[in-house]
Amino acid sequence: MRQFLALAVAAALAANPTGLRAEAPPRAATAQQLPAAVAAEIDGAFAAFREKSPVPGLAYGIVKDGRLVYSGTYGVQSFERPQPVTAATRFRIASMSKAFTALAILKLRDEGKLVLDDLAEKHIPEMRGWKYPTSDSPRIRIRDLLHHVAGFVTDDPWGDRQQSLSPVEFTRMIAAGVPWSRVGQSSHEYSNFGYALLGRIVTNASGEPYQRYIGRTILQPLGMRSTGYEIRDVPPDRLAVGYRWENERWAAEPMMPDGEFGAMGGLHTTVEDYSKWVAFLLSAWPARDGPESGPARRSTVRELAQGLNFVRVVPRPGAAPDDKCVHAIAYGMGMRVAPDCDLGLTLAHGGGFPGYGSFVVLAPERGAGAFAFANRTYQAPSLPVWQSLWSLARAGLIPPREEPLNPLLALFQDAARAAYATGSLEPLKGKLAMNFLMDRSAENWALELARLKSELGACPAAEPMAPSGNLSASFRWTCEKGVLDGQILLAPTNPPSLQALRFAPKPAPAK
């Protein structure tokens, strides 16, 4: 019955495309493994996006703990062939392809076929004759291309239309050189051309075409059988046709075949397939012992989150005026990296292409990710993707992973509590780093401990420690007249010793 209704609405939309603004097609959802209230919040966020930015079709997914736990679809694949969007509908994901390119470069580094600090011209000979903007300009490294700091101009509209360049045409373009926007390594400036150059490096360093290398080493091992680069290979009954809104009606965008700019934005995929990629990336966190099972090492995947020092601070997407949480964004490798107050570390990227818009956010410290695809030019559903993860966080469904406590820290806390109780450092004897008594003498430590005890009284209980690393942790002791917060910091000695013991007393309010 749901499928019949979806087909009926799709047929009506094909006859009257502008009806998308007035009547939404029914939603189809799969992998419903979330509480109903949370699922309703997520669906509502995407419905609000669609109301504000109508799209012919939309598909989204939520990945948690290594699997697709929720997905939803709206609308039609095309007006000419009005079938409803499903989790198996293929969308172009545009610049979300860049993370695949970045991982391919890192894999080739792991294989010993390149070094990130190699000059790009080592692998692309046509770059060797380039004239740089100043005599002291650094020559472009592979690393600079990964982080968009090569000095190229931002080229989103132009770069998208280069998708179908042939190898000969691209070689000619490279050999002709480029005008410069700035001196390299001086600032971040997003460049599709730079990622197309990375695609050429993958081809030359691997000895096989870029698309074949991605397919063989990443897509096939992950079982992404409905993902690829050549849009003409997609069965018509599985393709989300790309549209733009023009002259008050929908107009199909040209179906650009794949070419040399595929490395910057050429992939097409499905919700089902892309969820495997998201789950694979998330599986790299946390660092741990154990066998490697993915197409790249976990440590290699975590490198995608390493940004350079060109950070910009922006409000959170959709933030209220009084939201004190901001995003400090750096570009990592194929991903924008920022800490979020509710999600911890995040990796995000959008995709904009003629006929398509997409967005993904990973919260690797929470083991969750969300993504969405739409078939309207440059209409990336970024806000509802963020809102989906915030909904999970508010519901307590993706709590932060607990940092394991080094048992040694608990032993040092026991000794510190004994020192507090006795008023001397004697219980810490043999555990102090060489700087400890140089920073404060034993006599002054005795005075400090006495002062704290007179202010707070005895501290008979302690809450669980909160480790901030393997050699540091915060603590809270419950005292007769308040609480005593503090930190234990061990030194990089073997065995570890105590380099700092910090206290922050909090007396109970006076009655």
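Is Phe 152 buried or exposed, and what relative accessibility puts it there?

Guide: Bear in mind that this is a predicted model. Phe 152 has a relative accessibility of 4%. The cut-off for buried is under 20%, so Phe 152 counts as buried.

Now its partner. Phe 152 forms an aromatic pair with Trp 130. The ring centres are 6.0 Å apart.

Where do the two rings come from? Trp 130 sits in the loop between α4 (120-123) and α5 (142-146). Phe 152 sits in the loop between α5 and α6 (156-160). The two residues are 22 positions apart, and the pair links distant parts of the chain.

The pair belongs to a wider group. Trp 130 and Phe 152 form one aromatic cluster with Tyr 132, Trp 158, Phe 170, Trp 180, Phe 193 and Phe 261. A search of the whole structure gives 28 aromatic pairs.

Phe 91 and Phe 373 are 5.8 Å apart, centre to centre. Their planes make an angle of 45°, and the pair is tilted. Phe 91 lies in strand β4 (residues 91-92). Phe 373 lies in strand β13 (residues 368-374). Phe 91 counts as buried, because its relative accessibility is 0%. Phe 373 is buried at 0% too.

Rings also meet charges here. Arg 50 lies over the face of Tyr 74, at 4.3 Å from the ring centre. Lys 98 places its charged end over the ring of Tyr 195, 5.8 Å from the centre.

Next, the covalent links. There are two disulfides in the structure. One joins Cys 325 to Cys 341, with sulfur atoms 2.2 Å apart. Its S-S torsion is about 105°, so this disulfide is right-handed. Cys 325 is in the loop between β8 (312-315) and β9 (326-331). Cys 341 is in the loop between β10 (336-340) and β11 (344-353). The separation is 16 residues. Cys 325 is buried at 5% relative accessibility, whereas Cys 341 is exposed at 56%.

The other disulfide joins Cys 459 to Cys 479, S to S 2.0 Å. Here the torsion is about 90°, so this one is right-handed. Cys 459 is in the loop between α16 (442-456) and β14 (461-462). Cys 479 is in strand β16 (residues 472-479). They are 20 residues apart, and both are buried. With the bonded cysteines numbered in sequence order, the pairing reads 1-2, 3-4.

Finally, the whole chain. It has 16 helices and 18 strands. The C-alpha trace spans about 85 × 60 × 45 Å along its principal axes. Of the 511 residues, 53% are buried; Phe 152, at 4%, counts as buried. Among contacts with a separation of 6 or more, 66% come from residues 24 or more positions apart. The accessible surface is about 22300 Å², and 54% of that belongs to carbon and sulfur atoms.

Conventions:
Residues are numbered from 1 along each chain as its sequence is written. This is a predicted model: local features need pLDDT of at least 70, side-chain atom pairs count only at pLDDT 80 or more; totals for chains, interfaces and linings use all residues. Side-chain values use heavy atoms; hydrogens and water are left out. A disulfide is a pair of cysteine sulfur atoms within 2.5 Å. Helices (H or I, at least four residues) and strands (E, at least two) are DSSP runs, numbered from the N terminus. Buried means under 20% relative accessible area, exposed over 50%, partly exposed in between (1.4 Å probe, protein chains only). Rings of Phe, Tyr and Trp (its six-membered ring) pair if their centres lie within 6.5 Å; planes under 30 degrees apart count as stacked, over 60 as edge-to-face and the rest as tilted. A charge sits over a ring if NZ of Lys or CZ of Arg is within 6 Å of the ring centre and within 35 degrees of the ring normal. Contact means heavy atoms within 4.5 Å. Accessible areas come from the Shrake-Rupley method with a 1.4 Å probe; for residues, only the protein chains shown count as cover.
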